Amino acid sequence: LVDGKNVLMHFSHVDYLSSAGMRLILSFLKKTKSFNAYLILFNVHEDVMSIISMAGFKNIIPVCQSEAEALDKQI
């Protein structure tokens, strides 16, 4: 989902995130930033959020509870 400047990724059906998935997200994050856009995750499952946090990505990837919150996010 693209809201003009941000790329929003709906994660409600993602229940596991491997290191390969993390690398893909990091690569995509770098690409969006090169276009002055931002990647925002929303509806992230608790287990996946733990993986994101342990990897230290919580500080570099915005995570929102809902699509509405992600759409309202000003970065």
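Mentor: Two strands pair if DSSP finds at least two bridges between them. Strands (E, at least two residues) and helices (H or I, at least four) are DSSP runs, numbered from the N terminus. The model is predicted: local features need pLDDT of at least 70, side-chain atom pairs count only at pLDDT 80 or more, and totals for chains, interfaces and linings use all residues. Residues are numbered from 1 along each chain as its sequence is written, and side-chain values use heavy atoms, without hydrogens and water.

Trainee: What elements does the protein have, and in which order?

Mentor: It has 3 helices and 3 strands. From the N terminus they run β-α-β-α-β-α.

Trainee: What makes E2 and E3 a pair?

Mentor: They share 2 bridges, in the parallel sense. At least two are needed, so they pair.

Trainee: How many bridges join E1 to E2?

Mentor: There are 5, and the strands, E1 being residues 6-10, run parallel. Asn 6, for one, is bridged to Tyr 38 in E2. The 3 strands form an open sheet in the order E1-E2-E3.

Trainee: Why are E1 and E3 said to stand at the edges?

Mentor: E1 and E3 (63-64) each have a single partner strand, so one side of each lacks a neighbour in the sheet.

Trainee: Why is E2 called largely enclosed?

Mentor: Buried means under 20% relative accessible area, exposed over 50%, partly exposed in between (1.4 Å probe, protein chains only). In E2, 4 of the 5 residues are buried, so the rest of the structure largely encloses this strand. Across the protein, buried residues make up 32% of the 75.

Trainee: Why does Thr 32 count as buried?

Mentor: Its relative accessibility is 6%, so Thr 32 counts as buried. Thr 32 sits in helix H1 (residues 19-34). Beyond four places in sequence, Thr 32 is in contact (heavy atoms within 4.5 Å) with Val 7, Ala 37, Tyr 38 and Leu 39. A polar atom of its side chain also lies 2.8 Å from the backbone oxygen of Leu 29.

Trainee: What makes up the largest nonpolar core?

Mentor: A nonpolar core is a set of buried Ala, Val, Leu, Ile, Met, Phe, Trp, Tyr and Cys residues joined through side-chain atoms within 4.5 Å. The largest has 14 residues, and Leu 41, Val 44 and Ile 52 have the most contacts inside it. H1, E2 (38-42) and helix H2 (46-54) each give two or more residues to this core. Another core, of 5 residues, lies apart from it and includes Leu 8 and Ile 40.

Trainee: Which residues does Leu 41 touch, beyond four places in sequence?

Mentor: Among them are Met 9, Phe 11, Ile 52 and Ile 61.

Trainee: Why does the radius of gyration agree with a compact globule?

Mentor: The radius is taken over C-alpha atoms, and the globule rule is 2.2 Å times the number of residues to the power 0.38. For 75 residues a compact globule would be near 11 Å; the protein has 12 Å, so the two agree. The C-alpha atoms fill a box of roughly 30 × 25 × 20 Å along the principal axes.

Key:
A polar contact is a pair of N or O atoms within 3.5 Å; within protein, one must be able to donate a hydrogen and the other to accept it, and residues adjacent in sequence count only if both atoms are side-chain atoms.
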